[in-house]
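Dear colleague,

I am passing on the structure below, together with some notes on what was found in it. Please look it over before reading further.

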Amino acid sequence: MHSLAVLLPLFSLALPLVQAVATCNATTSCPASAPCCSEFGFCGSTQPFCLGGCNPLASHTLDSCKPNPICKNAVHTFADNSRVLSNATLFDGNASAYDFIVESGNIMNSNGELAMLLTEQNGGTRISSTRYFHYGTVTARLKASRWAGIVTAFITMSNVKDEIDWEFPGNTTTEAQSNYFWQGLVTKPNHGDVATGLSDTFSNYHDYTIDWQPDTLKFLIDGKVVRTVKKSDTVADGVTQYPTTPARIQFSIWPAGTASSAAGTVQWSGGLIDYNDPDYVSAGHFYALVQSVNITCNDPTPPGADITAYVYGANSSTNTPSVALTNATTDLNGVPGMQGLAGNGIQLLLAMSLAAGLLGQLF
Ligand SMILES: *[C@@H]1O[C@H](CO)[C@@H](O)[C@H](O)[C@H]1NC(C)=O
Ligand SMILES: *[C@@H]1O[C@H](CO)[C@@H](O)[C@H](O)[C@H]1NC(C)=O
Ligand SMILES: *[C@@H]1O[C@H](CO)[C@@H](O)[C@H](O)[C@H]1NC(C)=O
Ligand SMILES: *[C@@H]1O[C@H](CO)[C@@H](O)[C@H](O)[C@H]1NC(C)=O
Ligand SMILES: *[C@@H]1O[C@H](CO)[C@@H](O)[C@H](O)[C@H]1NC(C)=O
Ligand SMILES: *[C@@H]1O[C@H](CO)[C@@H](O)[C@H](O)[C@H]1NC(C)=O
Ligand SMILES: *[C@@H]1O[C@H](CO)[C@@H](O)[C@H](O)[C@H]1NC(C)=O
């Protein structure tokens, strides 16, 4: 990424200038000079382009993105936020240094709980794990938000947009929605499902589990299976449309109920956000809380001690990229984000993505 090209849009947020940065997608990959295709479809050579979210299929070559840090069994708690890097622009790819990075928005620590904040100004908050997992079980103990127009999410997301979701839309506090996507494909009918009858998801902690195995995907609440998807049931048009690629774990609180959202999205999220809500007026933010995250890896090939990361290879079957283990470094080696130039590189990309109408894909 030539930094100056990125700098331009920040100063004048005009839509045409977004085109000053090379864009990338499945049909147009990045040039050698800016080889990494970011999550949002922009080419560059630093963080965030080459780290989390870097799409190998739209990058210059399959190995342009930095390798994806390998899964480690862990139970993350939040006595403080010291393992959460609050400014993702500073991340250099060293997954031993931090467990999570804040990619947009703001966090707080409230009595040993990680609070994700949503304000009228910050556009919501998203944090991502620094490590990936390639099959396994992840359980988050969380309290969702409870306000119309606001969605809380706990998802896994791969760099080619294989995605598994728990979502809590709006002011419904007795439901949790599950969903999954294969390479970002939105199917009709979609793969969503709703678990009902939960005790208040805002006031009570529940354990939400994604049990993602090579042949089955299960969703659990408080240890009970509420949904099972078999890989063999996901075949469509001769292609198995099942998540298979290493994914980061992400948490977010995001403003779906805004005037710029599609009508269906506003309705799904419970209506427009009311910033005159007494909760907002008194606290200055809306929020969702994460108490713990328990990750148990189940790599198809158990990694040896020297293994550091996952890399993509040629397709292993129709439209399914192969995934291999590597001992290569995941670090950018001193080339993190665009600091000293345009402030927070990720905020900049966020602004550019908003201009390009990509908000729906951001969270
Ligand atoms: C892919 O990107 C190229 C270059 O920006 C653009 O011309 C093309 O329309 C894009 N294709 C899709 C399917 O978005
Ligand atoms: C990565 O972070 C760990 C923990 O902070 C540190 O011990 C290690 O030296 C770092 N590795 C590199 C290559 O900077
Ligand atoms: C959610 O908020 C909307 C908009 O304020 C309101 O119409 C609806 O009744 C609320 N639903 C619940 C379950 O509280
Ligand atoms: C973490 O999850 C694993 C597997 O699901 C389970 O065996 C273990 O007891 C959990 N640990 C904690 C501290 O919850
Ligand atoms: C490999 O799979 C990807 C992801 O579906 C697809 O975009 C690409 O065209 C496939 N490549 C080949 C050579 O079939
Ligand atoms: C990775 O493994 C290869 C082959 O075993 C070895 O030659 C190389 O030194 C290793 N690299 C690192 C960074 O450990
Ligand atoms: C993140 O760090 C960069 C580089 O130091 C800095 O320019 C930017 O203002 C920081 N962003 C936030 C939100 O603190």
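**Surroundings of the ligands**

Around ligand 5, the shell holds one nonpolar residue, three polar residues and no charged residues (Ala, Val, Leu, Ile, Met, Phe, Trp, Tyr, Cys and Pro count as nonpolar, Asp, Glu, Lys and Arg as charged, and the others, Gly among them, as polar). This is a predicted model, in which local features need pLDDT of at least 70 and side-chain atom pairs count only at pLDDT 80 or more, while totals for chains, interfaces and linings use all residues. Residues are numbered from 1 along each chain as its sequence is written, chains are lettered from A and ligands numbered from 1 in the order in which they are written, and side-chain values use heavy atoms, with hydrogens and water left out.

The residues around ligand 5 are Leu57, Gln183, Asn315 and Asn319, where being near means having a heavy atom within 4 Å. An oxygen atom of ligand 5 lies 2.7 Å from a polar side-chain atom of Gln183, and an oxygen atom of ligand 5 is 2.5 Å from an N or O atom in the side chain of Asn315.

Ligand 1 is surrounded by Thr23, Asn25, Thr27 and Thr28, a shell with four polar residues and neither nonpolar nor charged ones. The side chain of Asn25 has an N or O atom 2.3 Å from an oxygen atom of ligand 1.

Ligand 2 has Asn94, Ser96, Ala97 and Asp331 around it, and by class these are one nonpolar, two polar and one charged.

Best wishes

Conventions:
A polar contact is a pair of N or O atoms within 3.5 Å; within protein, one must be able to donate a hydrogen and the other to accept it, and residues adjacent in sequence count only if both atoms are side-chain atoms.
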